[in-house]
Every structure is written in C-alpha cells, then in structure tokens.
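Please look over the sequence and the 3D structure below. Then read on for a short tour.

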Amino acid sequence: MDNKKSARVVVVTSGKGGVGKTTSTAALGAALAHSGDKVVVVDFDVGLRNLDLVLGAERRVVFDLVNVIHGVAKLPQALIRDKRLENLHLLPASQTRDKDALTEDGVAKVIAELRSKFDWIICDSPAGIERGATMAMRYADAAIIVTNPEVSSVRDSDRIIGLLDSKTEKAERGEFVDKQLLITRFHPWRAARGEMLSIDDVLEILSIPLLGIIPESEEVLRASNVGSPVTLNNPASAPARAYFDAVRRLKGETIPVQVPSESRGIFNKLFGRKAA
Amino acid sequence: MKLFKLFRRGSAPIARERLQILLAHERNTCKQPDLLDVLREEILALIGRHLSFDPDKVQIKVDRGKSVSTLAVDIEIPNSHGSSGIDSQSGRSAAELLRKDAATAAEQKVA
C-alpha cells in the first residue's frame with residue numbers, strides 16, 4: 001500500500017448514548033467505501049464494542065485496537081476486511097479490557113499507521129466524555145456530531161463541541177477541528193407540527209454546519225438486525241439516501257439538504273434517487 | 001401456513017440467531033478467557049521449533065459458528081534455500097508476541 005497524504009481522520013461523536021453513532025459510522029463508512037475510497041472504521045468503545053455487530057463481522061474478531069496498542073498484534077493482523085465491500089475495513093475494540101487500556105501514544109501510533117494505508121479513518125466514539133471519547137477525538141481532522149432533535153441530545157452535543165475545541169491535538173496546536181452536524185432519527189411530520197425541535201432550532205443552538213438529516217426509519221433497525229450497514233442493505237431507502245448525500249458533502253460537494261422520504265409512489269421510485 | 005410465515009418473516013429472527021451465537025461465545029470466553037491464547041502460543045511455539053517464520057506474516061482467522069467454529073492459523077514460511085532470516089529462537093518469540101486476549105476456541109461446540 002502506498003502512502004497517501006489525503007488521509008482524513010473523522011470522529012463520529014455525540015456525548016449522549018443511543019443517538020446513532022455506531023449506525024452512522026457503519027453507514028457512512030460503507031457509503032465512502034462504495035464510492036471507491038479506502039476506508040477503515042475504528043471502534044473506540046473499549047469494553048462495550050458493537051461496531052463489529054452492526055457490520056456483521058462479530059464472528060471474525062481475533063485481535064483488536066488494544067492488542068495493537070500493546071504490541072500483541074500487528075495492525076494488519078487486527079484489521080478485518082468487509083466481506084461485501086473490499087475497500088471497507090474494521091478495527092474492532094476490545095471486549096475484555098477497559099478504556100484505560102487506550103494510551104495517548106498508542107492511539108497516536110495506530111492512527112499514524114492507518115493514515116498511510118487508508119483514505120478515511122472513521123473513529124466511532126463511545127458515549128460520554130471520558131477516556132474512550134477523548135481518545136477517539138484526539139487526532140481527528142474533522143468531527144461528525146450525531147444529534148437527535150431532542151433537548152438532552154442537543155445539550156450533550158454542545159458539550160462535545162466544547163471538548164473538540166479544547167482537548168484535541170488540533171485544538172492544542174491552535175487549529176480547529178472541522179465540525180459538522182448529523183441529525184438522526186428525525187420525524188419530519190413531528191417537527192412540522194411543532195412536536196419536535198426543528199432543524200433550524202438545532203442549527204441555531206449549536207451553530208455548526210449541517211452534514212445531513214437522517215429520517216427515522218425501520219430500515220435502520222432492519223439493517224442492524226442482519227448486520228449490514230443501511231447504505232449496503234437497502235441503498236434506495238430514505239435513510240440510506242440521506243447517508244449517501246452526507247457522504248457527498250463530506251467529500252466536499254455542495255448539495256442542498258433535503259430529508260428523503262420513504263414514498264412508495266411510482267414517480268418517486270423512478271426519479272426519487274435523482275431528486276434527493 | 002409455513003410459506004405465509006416465511007413470506008412475512010422480518011429480520012428479527014436473524015438478529016436473534018446472531019445474538020445467540022455471539023453471546024454463547026462471549027459467555028464461554030468469560031469462563032476460559034485465555035484458551036485461545038494458550039492454543040495460539042503453543043501452536044506457534046511448536047512450529048517455531050521446526051521452521052523459521054516471520055511473526056508479522058502470521059494471520060489468524062476465526063469464524064464462530066452455531067455448532068462449530070473454525071480457527072485458521074496461516075503462517076507464511078520462507079523457502080529454506082532462500083535467505084534463512086529467522087532462527088527458531090525468534091519463532092518462539094513470535095508465539096510470545098501473539099499471546100493475548102482473543103475470543104474463540106477451535107472446534108468448540110456450543111451447547
């Protein structure tokens with residue numbers, strides 16, 4: 001594998017648990033790999049790993065991030081290649097250790113080695129603001145903050161934005177980590193009726209650019225049931241289209257943000273993909 | 001009736017089966033966390049006594065199944081007429097290097 005300077009380290013983070021970090025990491029990672037880029041998704045949730053399960057690789061984990069940090073295994077021995085997308089790789093978290101097993105130097109070395117092998121390094125952060133979360137964001141060039149339109153999630157996202165601006169290596173060098181907001185589990189009709197915070201409310205409060213809006217959908221649950229990212233499992237579904245659009249924005253395209261809907265009309269079936 | 005059921009089957013049964021297999025293995029691992037470590041260490045030490053190999057060129061693969069799991073240890077062994085490179089001593093250290101927590105046991109039956 002040749003050295004590439006374009007490698008980008010992106011942390012998927014939120015503060016709050018259960019908002020869709022792991023689902024989004026898997027969906028975005030698969031969509032990026034589908035576009036031809038070389039992608040590794042790294043699970044930082046040491047002790048409570050789940051990215052392997054969402055990607056359907058749980059039966060194949062041998063070594064993990066902590067093994068690599070401790071020199072027990074070499075990085076290539078720990079990377080698991082996806083069976084469906086050859087550009088997609090997983091570096092699993094350890095299930096038996098705790099988050100203190102992550103050392104700053106160890107993580108730095110692993111990230112540096114990954115940079116030479118991949119175009120995208122997507123770090124799936126654990127919930128909370130402790131060691132696992134701070135290690136996941138430590139070497140990030142960019143951050144995707146996953147937020148539900150709900151008060152506690154927005155509050156925790158604000159806290160995480162503060163950490164991204166102070167505790168990352170880039171912040172300590174006086175630079176900024178690129179921050180983008182991914183709103184998940186969005187119900188357009190609830191927002192329209194004023195029952196749910198609107199996109200504008202959330203954007204005004206957090207004041208960071210919007211990467212995408214993922215509508216609430218049964219397709220997300222179905223994808224995790226079968227162990228396949230939603231962008232692979234049902235690429236035409238509303239959440240998958242929203243993730244594909246988010247990936248285009250992540251890669252620098254400027255496209256208007258829309259909330260794809262699950263309309264079953266023949267017109268949408270034929271033209272929905274283009275319109276989104 | 002069965003066909004009807006099959007037709008209507010959602011993804012939940014798949015989720016259920018995946019979890020059952022995974023958790024059976026994880027619970028077993030808790031009882032005997034170092035079984036694979038020991039196996040791996042001994043296998044590589046044994047091979048290291050007879051053949052030279054680069055510890056970086058060892059790939060270990062597992063596939064945890066419902067009734068049977070597989071453990072594959074793939075060791076790249078340089079041809080002896082080439083430069084010999086590593087002696088049996090480092091073959092041993094390869095085994096030591098590869099010690100640590102992993103998760104399954106070869107051919108282990110799940111109840």
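This report covers the model, the sheet, the salt bridges and the interface.

## About the model

This is a predicted model, in which local features need pLDDT of at least 70 and side-chain atom pairs count only at pLDDT 80 or more, while totals for chains, interfaces and linings use all residues. Residues are numbered from 1 along each chain as its sequence is written, chains are lettered from A and ligands numbered from 1 in the order in which they are written, and side-chain values use heavy atoms, with hydrogens and water left out.

## The sheet of chain A

Chain A holds an open sheet of 8 strands with mixed pairing. The order is β3-β4-β2-β5-β1-β6-β7-β8. β3 (80-81) and β8 (210-215) of chain A stand at the edges. Each has a single partner strand, so one side of each is left without a neighbour in the sheet. Strands here are DSSP runs of E with at least two residues, helices are runs of H or I with at least four, and both are numbered from the N terminus. Two strands pair if DSSP finds at least two bridges between them.

Now take strand β2 (residues 39-43) of chain A. It pairs with β4(A), residues 88-91, in the parallel sense over 4 bridges. There, A:Val39 has A:Leu88 as its bridge partner. A:Val41 stands opposite A:Ile122 in β5(A).

Is β2(A) covered on one face or on both? Both faces are covered. In a regular strand the side chains alternate between the two faces of the sheet. On one side of β2(A) sit A:Val39, A:Val41 and A:Asp43, and on the other A:Val40 and A:Val42. In total, 5 of the 5 residues of β2(A) are buried. Buried means under 20% relative accessible area, exposed over 50%, and partly exposed in between (1.4 Å probe, protein chains only).

## Salt bridges

Side chains of opposite charge can pair when their charged atoms come close. A salt bridge is a side-chain nitrogen of Lys or Arg within 4 Å of a carboxyl oxygen of Asp or Glu. The count over all chains is 22.

One of them joins A:Glu104 to A:Arg138, with the closest N and O atoms 3.4 Å apart. This pair links distant parts of the chain, 34 residues apart: A:Glu104 lies in helix α5(A) and A:Arg138 in helix α6(A). A:Glu104 is partly exposed, at 35%, while A:Arg138 is buried, at 10%. A:Glu195 and A:Arg193 form another salt bridge, at 3.2 Å, and both residues are exposed. Salt bridges that share partners join A:Glu104, A:Arg138 and A:Glu172 into one network.

## Where chain A meets chain B

The contact (heavy atoms within 4.5 Å) takes 26 residues from chain A and 26 residues from chain B. The area buried between the chains is about 2,200 Å², and carbon and sulfur atoms give 45% of this. Buried area is the accessible area (1.4 Å probe) that two parts lose on being put together, summed over both.

The count between chain A and chain B is 2 salt bridges. One of these joins B:Asp56 to A:Lys74, with the closest N and O atoms 3.7 Å apart. Which helix gives the most to the side of chain A that touches chain B? α11(A) does, with 4 residues. The residues of that side divide into 7 nonpolar, 10 polar and 9 charged. Here Ala, Val, Leu, Ile, Met, Phe, Trp, Tyr, Cys and Pro count as nonpolar, Asp, Glu, Lys and Arg as charged, and the others, Gly among them, as polar.
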